[in-house]
Structure formats: C-alpha cells, structure tokens
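Subject: Handover of a structural model

Dear colleague,

Please find below the structure that I am passing on to you, together with its sequence.

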Amino acid sequence: MTATARRDVATPEAATPPGSGLAYVLVTPARNEARFIERTIASVVAQTVRPLAWAIVSDGSTDGTDNIVRQYAAEHRFIELVRMPERRERHFAGKVHAFNAGYARVREYPYDVIGSLDADISFDVDYFAFLLGRLAADPALGLVGTPFQGRSTYDYRFVSPQHVSGACQVFRRACFEAIGGYVPVKTGGVDHIAVITARMRGWKTRTFTERVCRHHRELGAAQHGALGARFRDGVLDYMLGSHPLWELCRTAYQATRPPRVLGGLTLLAGYVSAMARGMERPVSPELVAFRRREQMQRLRALIPRAPGLQSAATRGGDR
C-alpha cells in the first residue's frame with residue numbers, strides 16, 4: 001500500500017461506525033454511467049460513515065464517466081478511478097473482471113467488510129452505517145443488502161429475504177474470501193451465484209427491508225423487451241440449477257404480473273429451451289443440489305399440505 005493510501009486510512013473520512021468496529025471498502029464497476037454515477041458518488045460521500053477506500057472501475061467507458069469520477073477523486077482521497085481498456089464484447093463476465101481490477105486496489109486495506117456497488121443507485125446517508133451495524137450484531141451474517149426501488153421491486157411475500165440484490169451486496173470479508181469472490185459467468189447470474197455459494201459455505205445472507213437503495217437506470221418499456229427479459233430469466237434459472245417444480249410455480253406466479261400470462265409462459269419457454277439444448281451449467285453439481293433443497297424447503301413452507309413436495313425435495317437434494 002502506498003504512503004498516500006496509508007494516510008487515507010487515518011483520515012476522518014475513513015472512520016468506523018460507533019459500536020460496530022467494522023471498517024469497509026467499496027468497488028464499483030462502471031461502464032458509460034455518466035447519466036447516473038454522480039448520484040451514486042454523492043450518496044457515498046454523504047455517508048455518516050465513509051469507506052476506507054472506494055475503487056470505481058471505468059470498464060472502457062466512452063462517455064463522461066471518467067471525468068465525473070476524476071472530479072470527485074480530486075476532492076476525496078478515498079476515491080480512486082481505475083481505468084480499463086475499451087472492449088467490444090459485452091457480457092456479465094466483463095463486470096466481474098472490472099470488479100476484480102478494483103478489488104486488487106483495495107484488498108490490502110485493513111477492512112472487515114467489502115461492498116459491490118452499482119454505479120446507478122443512490123441511498124440515504126446512514127445506509128452503510130445501518131448495514132455495518134447488522135453485520136456487527138450477528139457474526140454469522142456473511143452477506144447483507146437492502147431492497148431496491150425504481151425499475152422494479154421484489155415482492156418479499158414471495159422472494160426470500162435470504163436473497164440479496166446485486167445492486168449493492170455487502171460482504172463480511174471472511175465470507176467473500178470463502179466463496180472465492182465473484183464467478184465470471186458470461187450469461188449472468190453472478191450475484192445469485194455469490195449469494196447461494198455464501199449460504200452453501202455456511203454463512204447467513206439477508207436483505208433488510210428497513211432501508212432501500214434507489215435504482216435509476218430505466219428499462220425498455222416495450223413488451224418485446226419485457227418478454228425477452230422473461231425468456232432470459234428462464235434460461236438463467238435452468239443454468240443455475242432451479243428445480244423443475246420450482247420453475248412451474250414461478251411460472252404461475254409470473255403469469256399474474258405484467259405482461260400477464262404471456263410473461264409466465266415465456267419464462268417457462270426459456271427454461272425448457274435451455275434444458276432441451278442441454279446448456280452447460282456454470283455452477284457445480286453441489287450448488288445445484290443445495291439450491292434445489294432450499295427451493296423445496298420454501299415450497300413446503302408456502303404450501304405445507306401440497307402432495308408430493310416431500311418426495312420432490314428428497315429427489316432435488318440427491319441431484
């Protein structure tokens with residue numbers, strides 16, 4: 001670590017929250033985020049507890065992203081711009097490579113917690129103090145986050161609070177190291193794999209609904225865009241090992257949400273298409289079996305008297 005970095009650790013900007021005793025660092029991959037990133041930076045700068053260091057990785061940005069980050073980095077020494085070369089191919093693995101470039105710049109700091117933060121969100125001034133307090137209160141918690149608002153919102157009657165959105169994932173350092181960081185999967189599901197792997201390794205994961213982050217990026221409103229997203233979700237469900245019975249239940253639920261009926265059927269079509277093509281899963285058989293056990297446990301909890309769920313759970317766990 002450089003002398004400048006050591007001075008940053010000692011500044012008031014790098015304090016730890018009262019009572020938590022936990023210090024944190026942040027990494028943000030950013031690709032052409034000039035429209036949104038200033039809101040994200042302003043939110044972090046305004047935190048009652050600031051990070052020891054924050055690496056913002058410009059993943060080949062060609063808009064004004066770099067200039068915005070440079071302006072803030074000149075005023076706040078805990079912010080560092082990491083520039084990666086422009087790349088033509090766009091895929092989710094690229095985001096992981098960008099994250100890893102930032103991780104390499106912060107990993108030597110004496111931190112307890114590391115956060116992966118999208119470049120198009122904003123949040124209240126006590127956001128990280130709140131999450132650090134939750135981690136401090138329960139040593140078994142390895143990964144925490146909050147719901148996000150804006151483009152869509154999870155319905156926590158049906159989405160488990162054990163799932164943590166990829167918009168902002170805050171890991172205990174030991175948990176992040178235990179899962180080996182993010183897996184560079186081109187087809188997506190990077191955040192899901194991290195959450196599931198953390199639980200598989202014995203850590204608790206939790207979304208706390210007492211706080212939210214606001215997502216500012218807009219999604220296309222055209223129906224073909226929504227259906228395309230549903231189809232890709234179905235493909236991803238198969239690739240990450242979702243149990244067929246779980247997928248049928250998810251199809252039924254998605255059929256009640258816009259675009260109604262057709263959205264659910266498109267989700268199922270994506271799953272069946274991936275199955276028929278025998279698409280290679282980017283996760284281990286161990287993770288698939290673990291995920292299916294969790295899904296069947298949740299189905300039994302939601303529909304405790306449904307016939308066949310007990311045997312289905314057993315079969316899912318054996319795969």
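The notes below begin with the conventions and then go through the findings by region.

This is a predicted model, in which local features need pLDDT of at least 70 and side-chain atom pairs count only at pLDDT 80 or more, while totals for chains, interfaces and linings use all residues. Residues are numbered from 1 along each chain as its sequence is written, and side-chain values use heavy atoms, with hydrogens and water left out.

Overall content

The chain has 12 helices and 10 strands. Helices (H or I, at least four residues) and strands (E, at least two) are DSSP runs, numbered from the N terminus. Of the 319 residues in the chain, 50% are buried. Buried stands for under 20% relative accessible area, exposed for over 50%, and partly exposed for what is in between (1.4 Å probe, protein chains only). Among contacts (heavy atoms within 4.5 Å) between residues at least 6 apart in sequence, 81% join residues at least 24 apart.

Helix H7

Helix H7 is largely enclosed by the rest of the structure, because 10 of its 11 residues are buried. Those buried residues include Val190, Asp191, Ile193, Ala194, Arg199 and Met200. Their cover includes H4, strand E6 (141-145), strand E8 (168-172), H6, E9 and H11. Just after H7, Gly202 takes a positive phi of about 100°.

The axes of H7 and helix H11 (residues 285-302) come within 10 Å and cross at roughly 85°. H7 is therefore roughly perpendicular to H11. Axes here are lines fitted to C-alpha atoms, for helices over the stretch in contact, and angles run from 0 to 180 degrees between N-to-C directions. Angles under 35 degrees count as roughly parallel, over 145 as roughly antiparallel, 65 to 115 as roughly perpendicular and the rest as oblique. On the H7 side the contact involves Ile193, Ile196, Thr197, Arg199 and Met200, which meet Glu286, Leu287, Phe290, Arg291 and Glu294 in H11. By class, this contact has 5 nonpolar, 1 polar and 4 charged residues. Ala, Val, Leu, Ile, Met, Phe, Trp, Tyr, Cys and Pro count as nonpolar, Asp, Glu, Lys and Arg as charged, and the others, Gly among them, as polar.

Helix H4

Helix H4 (residues 92-106) has 15 residues and should span 21 Å at 1.5 Å a residue, which agrees with the 22 Å between its end C-alpha atoms. The expected span is 1.5 Å times one less than the number of residues. The buried residues of H4 are Ala93, Gly94, Val96, Ala98, Phe99, Gly102, Tyr103 and Val106. What covers them includes strands E1 (24-30), E2 (53-59), E3 (79-84) and E4 (113-117), along with helices H6 (173-178) and H7 (190-200).

Cysteines

The structure holds 0 disulfides, a disulfide being a pair of cysteine sulfur atoms within 2.5 Å. The sulfur of Cys213 is 6.2 Å from the closest cysteine sulfur, that of Cys168, and so is too far for a bond. Cys168 counts as buried because its relative accessibility is 2%, and Cys213 counts as buried at 1%.

Pairs distant in sequence

Thr207 lies in strand E9 (residues 204-207) and, at 1% relative accessibility, counts as buried. Its C-alpha atom is separated by 5.7 Å from that of Val144, 63 residues apart along the chain.

Asp233 belongs to helix H8 (residues 223-239) and is partly exposed, with a relative accessible area of 29%. Leaving aside neighbours within four places in sequence, Asp233 is in contact with Arg250 and Leu267. Asp233 and Leu268 are 35 residues apart in sequence and 9.1 Å apart in space, C-alpha to C-alpha.

Backbone details

The peptide bond from Pro258 to Pro259 is cis, with omega near -10°, and Pro259 lies in the loop between helix H9 (244-254) and helix H10 (262-277). Val261 is found in the loop between H9 and H10 and has a positive phi of about 65° although it is not a glycine. Asn32, in the loop between E1 and helix H2 (37-45), has phi near 50°, a positive value in a residue other than glycine. Asn32 is partly exposed, with a relative accessible area of 32%.

Yours sincerely
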